[in-house]
Amino acid sequence: MFCPVCKSEYVEKYTRCEPCNVELVAELPTGESDMKEMVPVLRTNNQPLLAIFEAALNANKIPHYIRGGEAASLMPTNAVVVVPPEYLDTARGILFDAENSYDKEEPEA
Ligand SMILES: [Zn+2]
C-alpha cells in the first residue's frame, strides 16, 4: 500500500497515511507509467539549444521531461527531451523554432 501524497510504502494492514491524512492506494498513480508513454522529441548534447527548447516548452506549457542532461557539465552526454505523444507535433514545431533562433544567435565564423 502506498500513500499517494508522500509516496511512502506501507505494509498491508495500514489503510491511511497519518502524516498526510489520506487513504492509501494499492498502487501509486505515478509519473512512472506516464513517463513510459512519453516520446522523445529531441536528443542532443547541445546545451544552449536544449536551454532554448526547454524555455520554449515552458512558455508554451508543454509537459516535458529531460533525461540524462545532468552529467553534461563533466562530459557531454546526450540529453533526451520527451513529451506526451499528444504534444509531439506541437513540441516539434517549437523545436523547429528553437533551432532557428539558435542558429541566428550563433556567432559568425
Ligand atoms: Zn503520506
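A: Most residues other than glycine have a negative phi. Do keep in mind that this is a predicted model, in which local features need pLDDT of at least 70 and side-chain atom pairs count only at pLDDT 80 or more, while totals for chains, interfaces and linings use all residues. Residues are numbered from 1 along each chain as its sequence is written.

Now for the helix itself. Helices (H or I, at least four residues) and strands (E, at least two) are DSSP runs, numbered from the N terminus. Along the sequence, the pattern reads β-β-α-β-α-β-β-α, giving 3 helices and 5 strands. α2 covers residues 47-59, 13 residues in total, and its first and last C-alpha atoms are 18 Å apart, close to the 18 Å expected at 1.5 Å a residue; that expected span is 1.5 Å times one less than the number of residues.

Which side of α2 faces inward? Its buried residues are Leu49, Leu50, Ile52, Phe53 and Leu57. Viewed down the helix axis, the buried residues lie within an arc of 165°, so they line one face of α2; the arc is taken over the directions from the axis to the C-beta atoms. On the face turned away from this buried side sit the exposed residues Pro48, Ala55, Asn58 and Ala59. Here, buried means 20 or more other C-beta atoms within 10 Å of a residue's own, exposed means 12 or fewer, and partly exposed is in between, with C-beta atoms placed from the backbone. In the chain of 109 residues, 17% are buried.

What does the helix pack against? There is an open sheet of 3 strands, ordered β3-β5-β4 with antiparallel pairing, where strands pair if DSSP finds at least two bridges between them. Its edge strands, each pairing on one side only, are β3 (39-44) and β4 (65-67). From one strand to the next, the twist averages 25°. β4 and β5 (residues 79-83) run antiparallel, joined by 3 bridges, and isoleucine 66 stands opposite valine 81 in β5. α2 packs on this sheet, touching β3, β4 and β5, and its direction makes about 145° with that of β3. For such contacts, C-beta atoms placed from the backbone lie within 7 Å; axes are lines fitted to C-alpha atoms, for helices over the stretch in contact, with angles from 0 to 180 degrees between N-to-C directions.

How values were computed:
Two residues are in contact if their C-beta atoms, placed from the backbone, lie within 7 Å.
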